[in-house]
Amino acid sequence: MQFAELAAAYERLEGTPKRLEMRAILADLFRPLKPPELDRVLYLSQGMLRPEYEGVELGVADSLARKAVGVATHTPEPDVARRAKEAGDLGLVVVQLLTERPRLVADDPLTVAQVYSELERIAAANGPGSQETKVRVLTELLGRATPVEGKFLVRFVLGTLRVGVREMTILDALAVVFADGSKAARTRIEAAFNLSSDLGLVAGALVAGSLDGLATIQLQVGRPVRPMLAEREPTLAAVLERMEGRAAVEYKYDGLRMQAHVAADGTVRLFSRRLEETSAQFPELVRELPKALHSLPAIVEGECVPIDLETDEIQPFQEVSRRRGRKHDLAQAQEEIPVCLFLFDVLLAGGTAVWELDLPERRATLESIVRPNERVRLATQRIVTTADEATAFLDEAVAAGGEGLMAKSVAAGSGYRAGARGYWWIKYKRDYTVGLTDSIDGVVVGAFPGRGRRAGHYGAFLLAAYDATRDRFESFCKVGSGFDDAALAEMPRRLAPFRTDEKPAEVASSLVPDHWFRPGLVLEVRGAELTLSPVHPAGLGAVRAGVGFALRFPRFTGRIREEKGPTDATTTAELLHMYRSQVRQAAGTSDS
Ligand code: AMP
């Protein structure tokens, strides 16, 4: 396939916000393709070279890309930089420059295969001399590119390819190409993706055997499963009602979710909630897991929390977040901040897939394969049948250092639902029912300069919630309190990768901050209540036309939600839910 065809499809995708049109464009794009070209086009369309969990990165910084653009178009670098600042998008600058300065080699069109292998070279370049290699390869590609091709190439390498295609739309398109486009077909394809986290693999199975081909996709040690997610309810009575009067309740540990893959030879790979590999940061778990599990290979899930090994007490979450992402002084970090993994689920035991079994059977399996030790333990679980029993368990969980409880269905059909959020699991944090004490995870989309002691730093941030229907990030508060000096001083570095000169297209806000950011960094905030606001567009129109939700008296909790991506932040649908339960309480109808 010619790269021009792919670029033309991206151009069309960029021009439409309509999901149905996107689906049709993608379906036309995928239809004629076979593996490995199909896989490549799928990964490229997601802005990646390989499935996300493999963590393949191009390692191309803005300055490097500007340099390549300069060389390829014979433009001095400062000019490129100036134009990029003005346009707010290096991709658009490439279009201008390549149009102004036509290519020398006009009839050597790029193919998708060539572009993909050159991008692989860029990703593979490491160590001394790698920057030069990256610039050279990118320059060569741009030298052969048409303006439109150049635009998408540059956006791709900078990680800003935003043609608006999310996984969900790609899955829709696959259902059209390889089945009848029905909801049922789409559900089966999505299930295979949730189990494998690899769209290329799913597409390969579909090409080989249509929907039935998906049966070849099984759990595999080393390939993470997309995690099952929880819903929420405002009261424990409502939780019990959802569970039809009988539920397994577990401590809700406040830490990092971890999926541990332990191979038959004892090799361990740990994956975060976002499927990033974190094995290197937790060597003691890598060491202890094979000792604690006696039926390998196995895939288990748990929450990793900091623990005081002297007193056996769970420590505040902030401690463990200091270990995540750490590359140096690992030994010291291990000593300073010891962690423990509380296991709550099992997907594969002794090589047998058990994820489809109902929860009670999975729990029994888990108990039978785990020999708990200091570092690997079982999550505390109990079966309850009344709200009072659940309340007593909640008190116990909080006293033990948990942040609340997780209620889980024990009914028929309570198998592990990879990648799905539903009422099979319900999270309930303490004090949910008195005012708005549940926290909200907001995406930073803007910042305002600080004053007084904060002069020279950012002083406040504009936070947004994710609206899945409109597929955009809508502001709900400006937050300045709750940041200590250290947290504030750290923010510029944290936010630097997301800085952009103009309001990103996917952001909605009527406040205009001094600095804009692409959605990336997620902060946890608390506030007094959710109010209806004409200033913020979050959930606009959900309650009343023309108003959205605003968080009153917002305060940063000190917690950066590193494990959450922007679309994992609190959604506007969740804000609506929280708003409604507040209104119910105010009306005195709350029952606990
Ligand atoms: P939240 O991050 O607030 O959406 O809450 C869901 C998260 O709670 C899960 O993704 C886990 O990381 C965490 N968690 C803590 N304890 C448990 C448990 N016993 N079962 C399932 N998830 C748990």
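Hi everyone, let's start at Pro35, which counts as partly exposed because its relative accessible area is 36%. On this scale buried means under 20%, exposed means over 50%, and partly exposed lies in between, using a 1.4 Å probe and protein chains only.

A quick word on the model. It is predicted, so local features need a pLDDT of at least 70 and side-chain atom pairs count only at pLDDT 80 or more, while totals for chains, interfaces and linings use all residues. Residues are numbered from 1 along each chain as its sequence is written, and side-chain values use heavy atoms, with hydrogens and water left out.

Back to Pro35, then. You will find Pro35 in the loop between α2 and α3. Those labels come from DSSP runs numbered from the N terminus: helices are H or I with at least four residues, and strands are E with at least two. Which residues does Pro35 touch, not counting those up to four places away in sequence? They are Gly204 and Val207, where contact means heavy atoms within 4.5 Å. Pro35 also sits 8.2 Å from Gly200, C-alpha to C-alpha, although the two are 165 residues apart in sequence.

Now look at the bond that follows. The peptide bond from Pro35 to Pro36 is cis, with omega near 0°, and Pro36 lies in that loop between α2 (19–30) and α3 (37–45). Leu296 and Pro297 are joined by a cis peptide bond too, with omega about -5°. Pro297 belongs to the loop between α14 (283–292) and β5 (298–308).

His74 is not a glycine, yet its phi is about 55°. Is His74 buried or exposed? His74 counts as exposed, because its relative accessibility is 59%, and its place is the loop between α4 and α5. Ser210 has a positive phi as well, near 50°, but Ser210 is found in helix α12 (residues 199–213). With a relative accessible area of 33%, Ser210 is partly exposed.

On to helix packing. Two packed helices are described by the angle between their axes and the distance between the axes. The axes are lines fitted to C-alpha atoms, for helices over the stretch in contact, and the angles run from 0 to 180 degrees between N-to-C directions.

Take α4 and α5: their axes come within 9 Å and cross at roughly 120°. These two helices are therefore oblique to each other; under 35 degrees is roughly parallel, over 145 roughly antiparallel, 65 to 115 roughly perpendicular, and the rest oblique. In their contact, Ser63, Arg66, Lys67, Val69 and Gly70 of α4 meet Glu77, Val80 and Ala81 of α5.

The next pair is α5 (residues 77–87) and α6 (residues 90–100), which pack at about 125° with axes 8 Å apart. That angle makes α5 oblique to α6. Val80, Arg83, Ala84 and Ala87 come from α5, while α6 brings Leu90, Leu92, Val93, Gln96, Leu97 and Glu100.

Last stop, α8 (residues 130–144). How far apart are its end C-alpha atoms? They are 22 Å apart, which agrees with the 21 Å that its 15 residues should span at 1.5 Å a residue; the expected span is 1.5 Å times one less than the number of residues. Among the buried residues of α8 are Val135, Val137 and Leu138, and the buried residues of α8 pack against α4, α6, α7 and α9.
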